[in-house]
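Subject: Structure for you to look at

Hello,

Here is the structure I promised. Please open it next to this email and follow along.

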Amino acid sequence: MVVMRQIQTNFSSGELDPLMRFRSDTGAYQNGAARLRNVALLNTGGVTRRPGTTYLAALPARSRLISFDFDENERYIFALSNNRLTVYDTDGVLIANITSGATWTTNELFSLTYAQVADTMILAHQSWAPKVIKRTSASTFTITDFAFDQSVNQDFTYQPYFKFADDAVTLACSGTTGSVTVTASAPSFTSDYVGLRLRWQDVEIAITGYTNSTTLTGTIRGTLKAEYDIDPFRSTISSTTVEVTHVLHGFATGASVVITGANAVGGIPATELNATHTVTVIDDNHYNITVTTPATESIDGGGPSVFYTSSTTATRTWYEPVFATPNGWPAAVAFHDGRLWFGGTTAQPDGLYGSTINQYFNFDVGDGLDNQAVQVSIGSEDISNVQHIVSNRDLQIFTATGEFIAPRSNAQVLTPANTRVLRQTPYGCSQVTPIPFDGGTLFVQNSGKGVREFIYADAENSYASTDLSLLASHLIVNPRDLAVLYGSASRNEQYAGVVNSDGTLAVFHSARAEQLAGWTLWSMDDATFDSICAVNNAMYASVLRDGVYSLERFAADDSLALDSSSTYTSVSPTDTWTVASRFNNQEVFVYGDGEYLGPYTVNGSSSLVIDSEHTEIIIGYDYTIEIKTLPANVMLPSGSMIGLPKRINRVFLGLDSTLGVSVQGNRLILRGVTDDFSQPLTPFTGMQDFYLLGYNKEAQITIAQSEPLAMRVLGMNMEVAF
């Protein structure tokens with residue numbers, strides 16, 4: 001019999017896909033495992049029992065959890081449920097319960113997007129107008145529809161406009177002021193246009209009534225006039241005919257136009273230009289007017305501010321609101337470079353809109369100055385429906401068909417002049433909100449079977465979308481939520497949690513500087529995870545147990561070994577406790593004054609009787625722990641022993657601060673016959689060996705726990721015989 005030793009110094013590669021079980025040639029195989037369930041990877045390479053959870057509050061219904069950070073002293077958890085916003089503090093104390101303005105439904109919870117700055121959060125979804133959640137005091141919040149800024153006299157709305165009708169469709173008004181009939185040359189309207197504003201050139205018309213698909217009634221906000229481009233007139237020597245440049249004017253020969261603000265041109269007095277004229281159309285962009293005085297020279301002129309007014313004008317230059325019921329609402333929202341960004345409406349799925357700098361409710365493009373609003377489209381050859389916008393190194397745009405960026409130009413902020421959208425990778429993003437993590441941005445691929453990292457690659461001077469779940473794709477099951485924890489109050493490990501559709505939680509650990517990356521899977525016995533969020537240095541979850549949703553907080557470390565736990569205290573020691581009714585007729589696991597006491601059953605009257613008296617108890621539910629190694633890989637001069645019978649004689653387990661663990665069903669004994677059993681267990685740190693029997697072709701080791709106790713495995717050494 002030959003005996004060899006195989007050392008597994010760490011588990012930093014995490015749980016590997018079962019399809020990797022024959023890839024013993026890879027580094028991931030050497031540092032990975034066949035199963036890592038309900039354990040957390042450590043920066044040092046070991047694993048620890050995952051943190052348990054503390055029960056905080058009953059949620060009103062199925063909820064999506066979102067963090068709201070006002071400042072370091074005021075942080076909140078938003079629980080969005082059907083037509084409701086419930087606000088909790090970080091200890092689960094109810095702060096506010098709001099229904100007014102909360103128009104979202106349960107089916108929309110995990111497809112809405114959000115962005116926050118200071119005391120304001122914006123929610124976006126294609127089904128409804130963006131919502132503004134405003135913190136007005138430490139305990140009060142309001143929900144209102146997003147409203148664009150307006151001019152002082154409310155004649156001008158600072159919102160994005162676009163012409164959705166065909167370019168040839170014209171719009172005419174029955175007058176130049178007051179109440180008018182608005183007529184389109186082709187069907188363009190529905191009753192949803194009532195209450196909106198159309199823009200005729202630069203003048204807004206508030207729509208007050210719907211007649212049919214071509215006819216509306218409205219009120220002109222101001223006077224129906226528009227400005228020509230600079231120097232729109234061209235005179236011809238000795239001629240009384242003046243050519244007017246007016247791009248896409250929409251006039252017909254015989255239309256009447258009133259011109260104001262013109263300067264003299266080529267010897268023609270300004271008073272003759274600033275008058276009422278009948279036009280003769282030359283083409284779509286030019287027409288002639290006639291004056292009395294012949295021109296003394298051929299020249300372009302007229303000045304910088306020449307206006308025209310016409311009650312018979314049927315102009316092609318008219319626009320609709322981009323964000324409105326007829327055209328859809330933005331699907332994505334983010335704050336970046338001092339602007340509020342929206343993207344992805346139904347009518348413009350690849351549209352991207354940025355506000356005026358530091359004026360988040362002003363989207364007027366104006367004259368395209370650097371501080372004014374930005375309005376662009378992705379312009380990809382396929383339809384790129386914007387799903388999410390993320391502020392990171394650059395403005396990142398995630399669509400259903402690919403990943404894009406709007407890069408800064410020479411490290412400058414984005415402006416109307418330099419904003420351009422560049423395609424980077426072709427994978428496409430799901431409706432799960434991407435989140436910055438460890439220098440990149442995590443996103444769930446549109447297929448729902450992979451988690452990728454969108455990260456800048458210096459060597460290529462572009463972004464890549466690395467498949468982080470490539471070696472553990474079996475742990476990703478149609479995710480619906482994603483959150484990132486950048487260390488806790490006790491440890492500095494950073495984790496990304498992915499809530500799967502089956503109620504499990506795939507947890508990714510990364511330490512880029514040390515080239516550590518791996519996945520584990522967390523689950524609850526008889527309960528499921530539904531949503532998660534991170535608030536400062538704590539992770540929170542919405543948990544479904546026995547048909548009821550609850551808000552629970554993960555412990556900062558492995559010191560809490562129970563799920564859905566609650567703590568009860570008594571002035572004097574007692575063995576009889578009244579606990580929450582949610583524990584009725586349930587088996588719970590009990591700690592008394594810090595010592596594990598074992599399982600007990602709560603009766604139907606919320607009474608719990610234990611075998612000893614204590615002043616404080618913690619009760620909750622256990623969860624199953626499993627660490628299973630990959631098949632032992634022993635290399636002989638003749639080749640690998642994978643697939644051949646072999647026996648693991650002995651396992652040396654490196655443990656730290658451990659109270660309970662078993663190897664192949666053999667439990668670690670922490671007490672000797674001479675120990676004082678009235679004293680709490682002392683955690684074990686050091687090397688512990690286990691002797692095993694039996695040959696097996698796979699030769700795998702299973703490490704588990706039969707009780708909810710602290711466990712931390714640093715590494716192992718196996719003695720393999722064959």
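Start with one loop. Ser238 sits in the loop between β23 (233–235) and β24. Helices (H or I, at least four residues) and strands (E, at least two) are DSSP runs, numbered from the N terminus. Ser238 is not a glycine, yet its phi is positive, at about 70 degrees. Is Ser238 buried or exposed? It counts as exposed, at 61% relative accessibility. Here buried means under 20% relative accessible area, exposed means over 50%, and partly exposed is in between (1.4 Å probe, protein chains only).

A word on the source. This is a predicted model, where local features need pLDDT of at least 70, side-chain atom pairs count only at pLDDT 80 or more, and totals for chains, interfaces and linings use all residues. Residues are numbered from 1 along each chain as its sequence is written, and side-chain values use heavy atoms, with hydrogens and water left out.

Now compare another serine. Ser606 lies in the loop between β54 (595–601) and β55 (607–621). Its phi is also positive, near 70 degrees. Ser606 counts as buried, at 10% relative accessibility.

Next, the whole protein. It has two helices and 65 strands. Its C-alpha atoms fill a box of roughly 120 × 70 × 40 Å along the principal axes. The radius of gyration is 34 Å, while a compact globule of 722 residues would have one near 27 Å. That radius is taken over C-alpha atoms, and the globule rule is 2.2 Å times the number of residues to the power 0.38. Buried residues make up 53% of the 722.

Then the cores. In soluble globular proteins, nonpolar side chains tend to be buried together. A nonpolar core is a set of buried Ala, Val, Leu, Ile, Met, Phe, Trp, Tyr and Cys residues joined through side-chain atoms within 4.5 Å. The largest one has 40 residues, and Phe233 and Leu273 have the most contacts inside it. Strands that each supply at least two of its residues include β18 (178–184), β20 (203–212) and β24 (241–245). Another core lies apart from it, with 27 residues, among them Leu36 and Ile701.

Look closely at Phe233. Beyond four places in sequence, it touches residues including Val242, Ile259, Leu273 and Val306. A contact means heavy atoms within 4.5 Å.

Last, the pockets. On a 1 Å grid over the protein atoms alone, a pocket is an open set of points where a 1.4 Å probe fits, with protein on both sides within 12 Å along at least five of seven lines; lining residues have an atom within 4 Å of a point. Points are joined across faces, edges and corners, and a volume is the space filled by probe spheres set on them.

How much space lies in the largest pocket? About 750 Å³. It is lined by 30 residues, and Ser67, Tyr114, Pro434, Ile435 and Pro436 are the closest to its centre. The lining divides into 20 nonpolar, seven polar and three charged residues. Ala, Val, Leu, Ile, Met, Phe, Trp, Tyr, Cys and Pro count as nonpolar, Asp, Glu, Lys and Arg as charged, and the others, Gly among them, as polar.

The second largest pocket holds about 560 Å³. Arg199, Gln201, Asp202, Val365 and Gly366 lie nearest its centre, among 20 lining residues. Its lining has nine nonpolar, five polar and six charged residues.

Best wishes
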